[in-house]
Amino acid sequence: MHRNAKLALSVLAATSMVALAGCTAAGGNADGDSQSLKIVYQKTDSFTALDELFTKIKPEFEAANPGVTVELEPIQANDDDYSTKLALSQKSTETAPDVFYEDTFRLRSDIDAGYLLNIDDQLADWDEWAQFNEGAKAAGMGDDGSVYAVPLGTDTRGIWYSKPVFAAAGIELPWQPETWDDILTAARAIQETQPDVVPFNMYAGKGTGEGTVMQSFYELLYGTGDTLYNEDDQKWVVESQGFKDSLEFLETLYAEKLALDPSEALDPNVWKKVFGELFPQGKLGGTVEGSYTPSFWQTGGSYEWPAYTEDMAVATFPTQNGEEPGGVSMSGGWTLAVGAKTANADLAFDFLALAVSQENALWYAINNSQIAVRTDVASEPTYLAANPFVADVTELVDVTHYRPATSDYSKISAEVQAATEAVITGQMSVDEAAAAYDTAVEGIVGADKVTTK
Amino acid sequence: MTANTVSRPPRETVTGSGPSGSGPRRRPRGRTLTRVLPLAPAVVLLAIFLIGPVIWSFYGSFTDAALTGSSAQDPQWVGLDNYLTLFTDPVFPLSLWLTFVFVVASAIVGQNFLGLGIALLTNRASKVVSAVVGTAVVAAWVLPEIVAAFVAYAYFSEDGTLNQVLAAAGMTGPNWLYSFPMLSIILANAWRGTAFSMMVYRAALNDVPVEVTEAAMIDGADGIKRLTWITIPMIKNSIATNLMLITLQTLSVFTLIWVMTAGGPGNESTTLPIMAFQEAFKFGDIGYGTAIATVMLLIGAAFSLVYIRALRPEKV
């Protein structure tokens, strides 16, 4: 027994020392002068365009810059988890990326966190920057007026509907609802004629995350005359009638079973079902989705469906009672940025610039169904002919809105999502959910940062 | 004693009674020091990897540390703000209650009683039956947690195994994960964790001397009496240790719930670990998340104290 204890002790001591030595060895690996660039971006089973682009330009860049290695580090995760992993990697110099892919709505908050490098100097020497439209230039701008990120493209959102389903319900095509009630009328007509078809789905709940607000709630809210955020006063709007009306519309859709069953709607992967099963099988009348929709169905997409060009159509999402300007859309988009902790800022920027060059931006806009932000891409015939909907979705730019670009936004968005979930599951009434949202917003930003107008 | 230790190692491990080495002896001071010295690296490792994160988390709960925004760059000391927010957060009491229900139902009732029951039954069953049952139960336990979680998800989901079996019998099952989220995760956790209790109790039952049970039988005690008056008191220590371990394990179950329901629908299955994860990583509020983690740590510590108390009299 005594002998065994001694033996155990020495084994323990020896292994601990080895482990400790291992720690220091791992820590000593980071020498700053190595010429390597770490590129971090998102890759999912339905989003591979950026991975393909980077894989394509990696040898090109390495050949042009001898001695430089480009390390591609795709993160396989949904949008929320991607941004969490990215933020965690930013905490340490050893894991922080040199170039990374970032959603525009997280930019301000990440600039505040000091994760993004100010690239004003690099842009000043880059003649292609003039090719980007003004909106694109503003998209990557921080509160201080400096530019921190270069957009890869933008998007708009509208109603995508199935022509066969609408025709079978006796609805005249092309369909363009003028008010919210027009949507409900069409959906009820589909429900009556085709009981096994989901008439009109709109995302709700926390599962679909930012999709719930961008492709559903904000189209409603911004068509009521109310907004989420008062840009003039820089305050968040609470107690608005528009917020309640929007929740009520969702409640109606779900309560009358015009949308998916709440249990399916709360599944984070419900959008895959929408694109991959419901629309191609003619089991869904319509939904609100982004201009990138064709990227899923076109050749090489995750849910190839050649007939989409015939079966699908785009309509503008209407305002509540047909108020001016007669439609609502939301825009977002993703950018490329240089990490603030990079050791090779100029080299990193060169890689970024290559990724958004005219040729590469054109390829990306076509393959990921983006709305081009470079004027020399937007005028390319191949871009305009990429799919039959380019003109339709580009028109939506006229009625589009942007999310409030403040650092509190993502928390507020989460509260909106929670409110929609409470309403469609029947856990709260519309008034209760709106009141809970008001309380939560005040808790996040403080009483002096909210307004009732 | 030494012979006992060698012949019945399982009991030693599960009851946690330390190695019975030579008793306290006086040693020269220098000698003690040289003997303690080789332990230093182990102590350093423990400090870095176990105590370090706990202290960091405790410290973090008094700051507004975040994943993004200006406080990610420069976290500020906010005193008890996170705890005040937590205690007024309407989700917190719900989450606390759900955690309590989850621990009591899936661990203390589910895993513990199922484990004891299976151990008692297989103890008397034929070797073949005992081996087959044991393997089936342990199979759930040896699966990596993420795999077990997906298996449970596939079983309970709307068009999963359970509903297909029900459909074959002419019944339409509900969407279990949506309509009965707590029941689903409780059953899943009981399924996954029963093996541990079963193995602990099997080992403990092997230690109950056959003579004692036989003597009771001759005295005319029936099965239930032998169980309550002989077997249970004799494995009391194992029961307490097992309860402590499974309670602490179940308190921190995350993957299983996250995969199956992600805390939903609404907050209907948001236990404390889910709530802490959501606050810290989904909403980026690390300070608030660590405050919840600290509360969980205190709850775990309280449970441990209760069980350690329960263990004590036997030792003296």
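Two strands pair if DSSP finds at least two bridges between them, and strands themselves are DSSP E runs of at least two residues, while helices are H or I runs of at least four, both numbered from the N terminus. This is a predicted model, in which local features need pLDDT of at least 70, side-chain atom pairs count only at pLDDT 80 or more, and totals for chains, interfaces and linings use all residues. Residues are numbered from 1 along each chain as its sequence is written, and chains are lettered from A and ligands numbered from 1 in the order in which they are written.

**View 1. The open sheet of chain A, strand by strand.** In chain A, 4 strands line up as β6-β9-β5-β10 in an open sheet with mixed pairing. The edges are β6 (198–201) and β10 of chain A, each of which pairs on one side only. On average, neighbouring strands of this sheet are turned by 25° against each other, direction ignored. For such angles, axes are lines fitted to C-alpha atoms (for helices, over the stretch in contact), and values run from 0 to 180 degrees between N-to-C directions. β6(A) and β9(A) run parallel and share 3 bridges; look for V198(A), whose bridge partner in β9(A) is L284(A). Up against the sheet sits α8(A), which touches β6 and β9 of chain A and whose direction makes about 155° with that of β6(A). Touching here means contact: two residues whose C-beta atoms, placed from the backbone, lie within 7 Å.

**View 2. Strand β5(A) and its two partners.** Zoom in on β5(A), residues 157–162, and you'll find 6 of its 6 residues buried. Buried means 20 or more other C-beta atoms within 10 Å of a residue's own, exposed means 12 or fewer, and partly exposed is in between, with C-beta atoms placed from the backbone. One partner of β5(A) is β9(A), residues 284–290, and this antiparallel pair has 5 bridges. Here R157(A) stands opposite G290(A). The other antiparallel pairing shown is with β10(A), residues 312–315, over 4 bridges, and there S162(A) faces M312(A).

View 3. Just past the helix, G114(A) takes a positive phi of about 80°.

**View 4. Two cis peptide bonds in chain A.** L173(A) and P174(A) are joined by a cis peptide bond, with omega about -5°. P174(A) belongs to the loop between α7 (163–168) and α8 (180–193) of chain A. Another cis bond links E324(A) to P325(A), with omega about 0°, and P325(A) sits in the loop between β10 and β11 (329–331) of chain A.

**View 5. Positive phi without glycine.** K257(A) has a positive phi of about 60° although it isn't a glycine. Find K257(A) in the loop between α10 (241–255) and α11 (262–265) of chain A. K257(A) counts as partly exposed because 14 other C-beta atoms lie within 10 Å. S369(A), also not a glycine, has a positive phi near 45°, in the loop between α16 (358–367) and α17 (375–378) of chain A. S369(A) counts as buried because 25 other C-beta atoms lie within 10 Å.

View 6. An unreviewed UniProt entry gives the annotation "transmembrane region" to several stretches of chain B, including residues 36–59 and 286–308. Such annotations may be inferred rather than shown by experiment, and their positions are given in the numbering used here, with feature names shortened. In the model, residues 36–59 of chain B are 88% helix and 0% strand, with the end C-alpha atoms 31 Å apart. Residues 286–308 of chain B come out at 100% helix and 0% strand, and their end C-alpha atoms are 32 Å apart.
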